[in-house]
Amino acid sequence: MTVAISVSNLQKSYASGTMALKGISLEVGQGDFFALLGPNGAGKSTFIGIVSTLVTRTGGKVRVFGRDVDTHVYQTKLDLGVVPQEINFSQFEKVGDVVRTQAGYYGLPRKLAAERSEKYLRQLGLWEKRNDRSRALSGGMKRRMMIARALVHEPRLLILDEPTAGVDIELRRSMWDFLLEINRAGTTIILTTHYLEEAEQLCRNIAIIDEGRIIENTSMKKLLLELDTHAFILDSDAMLEDEVNIDEPGLSLRKIDSHSIEAVLSGGRDINSAIAALDRLGIRIISMRNKANRLEQLFLSRLRGNGEEGG
Amino acid sequence: MFSDHRLVAFETIVIKEVRRFTRIWLQTLLPPVITISLYFVIFGNLVGGRIGEMGGYRYMEFIVPGLIMMAVIQNSYSNVVSSFFSQKFQRSVEELLVAPIPNYVILSGYIAGGMVRGLCVGLIVTLMSLFFADLGIHSLLITISVVLLTSLVFSLGGFINAVFANNFDDISIIPTFVLTPLIYLGGVFYSIELLPPFWRVASQLNPIFYMVNTFRYGILGTSDIDVAWAFTMLCLFIIVLYGGCIWLLRKGTGVRS
């Protein structure tokens, strides 16, 4: 596997004495769609800041596509595109100028810069806004503009720090489609997000960071397979007159309101066994949904585990 | 000086800077022109008429070089300090820092932007002055070189101010409490021959005094100081300030965590 980014023993301590990163080691393969998750203040943005050279590290090594960021500054920066969490463009510039200027910073000649900015502004649905002042854009549009700006030099590695924060669901899904498309086209993507559904939908591999340490680093599939207990909400077609209270090994059913039943499955029991048990009681199920996002359950359990270990 | 991609980055920064100060020309280009025109009318025409001659020239002709230089100094400085600080404030400086641009190209771009504004305003003020005084040029080479070097010095000064500034007060303290007094005491409105011996010596510690007088020499052919020494001092200032700016950028002072 070609490694897009490799960090070893990455450390960052601030003048205040806060240790933001306590020796992180991580590898992200080329072409991967990688999730970096963690609670607020876990060190995700510091990690991204160090990789993008905005934050000076205290210790450790960072390599991008095999090159040391200290000795190959020019090439590693060319390979990187960064979409930060905070809005960081001039609010007084026009949308088109912000993107074209960034292209110029990367050394793209004016004609190519104009072509690239048109390409990405069109792809992100902002071409009609190119002559508007950037401060006039909505929150979602600002985020898309920052993605267009980060892509204008066509980096091999794109780092997105909560790109869909505050973006409505429809727009979020269209951004997911766009990101999946550029990932399929070969761009490696590292994503941090608080929307765990987003990470589950998009990412193939995942690392969870907490209190400056990596506490989980695996594939999304493996992580989800570790989830032993699944909770579902089942909706019946008719009003439930009587209490439903089934407690068998690996299956627990409980009425939660006049039309809904909570089913908790464990030990390899599947959802069919729950539906069959309800069928025996004359209850017909017409729809079902996960009670909570699966990744969210795992994420919380890992954080709880880390907190206990940390004591 | 720059390879291709660095030249493109340099041009991009300069174009962005020029676009910025021309977009807000009501704040950047017009006020200095109005202020300096008022100086011409009040000090040159009304008061100057009663003063008579200064340094062998009509008072209006004596103050014109100093007023042009004042415009160049203030605008070169304020363009860089306000633009770079504003980029820090809006965090758009990160756009530059993540890009593969060497520090000297970033610095050169901002300095060039400051010089372009300083020289634009200086040119407008010079054209305005032609309505009030008959100006000849004693030495074109000295006139142009001193104005370029002075603009460069104060652009560099503005950059250092912006690096250390944490809020908008910080970018107005130096211009208000340091730059303006030094300009006013730098022989813009008087010859130091009028001063008592102590203040004459004290004036010679003011670097702006040398810049104003060298520029005056370039235009009028008269000066209170040794022009060669003034150029030496300007070059020393440039070397020290440039070195300081590059060192600050390399350290990431004010821009990197």
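Trainee: Is A:Lys61 buried, exposed or partly exposed?
Mentor: Keep in mind that this is a predicted model. A:Lys61 has a relative accessible area of 42%. Buried means under 20% and exposed means over 50%. The value for A:Lys61 falls in between, so the residue is partly exposed.

Trainee: Which helix holds both A:Lys111 and A:Glu115?
Mentor: Their side chains meet in a salt bridge, 3.2 Å from N to O. The two residues are four apart, about one turn of the helix. A:Lys111 is exposed at 63% relative accessible area, and A:Glu115 is partly exposed at 41%. Both lie in chain A, in helix 4 (residues 110-123).

Trainee: How far apart are the closest N and O atoms of A:Asp132 and A:Lys129?
Mentor: A:Asp132 is partly exposed at 28%, and A:Lys129 is partly exposed at 28%. The two form a salt bridge, which needs N and O within 4 Å. Their closest N and O atoms are separated by 3.9 Å.

Trainee: Which residues do salt bridges that share partners join into one network?
Mentor: Start with one pair across the chains. B:Arg19 forms a salt bridge with A:Asp97, at 3.7 Å between the closest N and O atoms. Shared partners put this pair in a network that holds A:Glu93, A:Asp97, A:Arg100, B:Arg19 and B:Arg23.

Trainee: How many salt bridges lie between chain A and chain B?
Mentor: A search of the whole structure finds 22 salt bridges over all chains. Between chain A and chain B, the count is four.

Trainee: What area is buried between chain A and chain B?
Mentor: Contact joins 30 residues of chain A to 23 residues of chain B. The size of an interface is often given as the accessible area lost when the parts come together. Here carbon and sulfur atoms give 53% of that area. The total is about 2500 Å².

Trainee: Which residues in chain A lose the most area to chain B?
Mentor: Three residues stand out on that side. Together they account for 29% of what it buries. They are A:Leu54, A:Tyr74 and A:Tyr105.

Trainee: Which helix of chain A gives the most to the side that touches chain B?
Mentor: The rule finds eleven residue pairs in polar contact across the interface, both residues at pLDDT 80 or more. Helix 2 (73-79) and helix 3 (95-105) of chain A each supply at least two residues to the side touching chain B. One of them contributes six residues, and that is helix 3.

Trainee: What separates the C-alpha atoms of A:Ile147 and A:Leu124?
Mentor: A:Ile147 sits in helix 5 (residues 139-151) of chain A. It counts as buried because its relative accessibility is 0%. Its contacts beyond four places in sequence include A:Leu124 and A:Phe178. A:Ile147 and A:Leu124 are 23 residues apart along the chain, yet their C-alpha atoms are separated by 8.3 Å.

Trainee: Which strand holds A:Thr188?
Mentor: A:Thr188 is buried, at 0% relative accessible area. Not counting residues up to four places away, it touches A:Ala4, A:Asp32 and A:Leu158, among others. Its place in chain A is strand 8 (residues 188-192).

Key
Residues are numbered from 1 along each chain as its sequence is written. Chains are lettered from A and ligands numbered from 1 in the order in which they are written. This is a predicted model: local features need pLDDT of at least 70, side-chain atom pairs count only at pLDDT 80 or more; totals for chains, interfaces and linings use all residues. Side-chain values use heavy atoms; hydrogens and water are left out. Contact means heavy atoms within 4.5 Å. Buried area is the accessible area (1.4 Å probe) that two parts lose on being put together, summed over both. A polar contact is a pair of N or O atoms within 3.5 Å; within protein, one must be able to donate a hydrogen and the other to accept it, and residues adjacent in sequence count only if both atoms are side-chain atoms. Buried means under 20% relative accessible area, exposed over 50%, partly exposed in between (1.4 Å probe, protein chains only).
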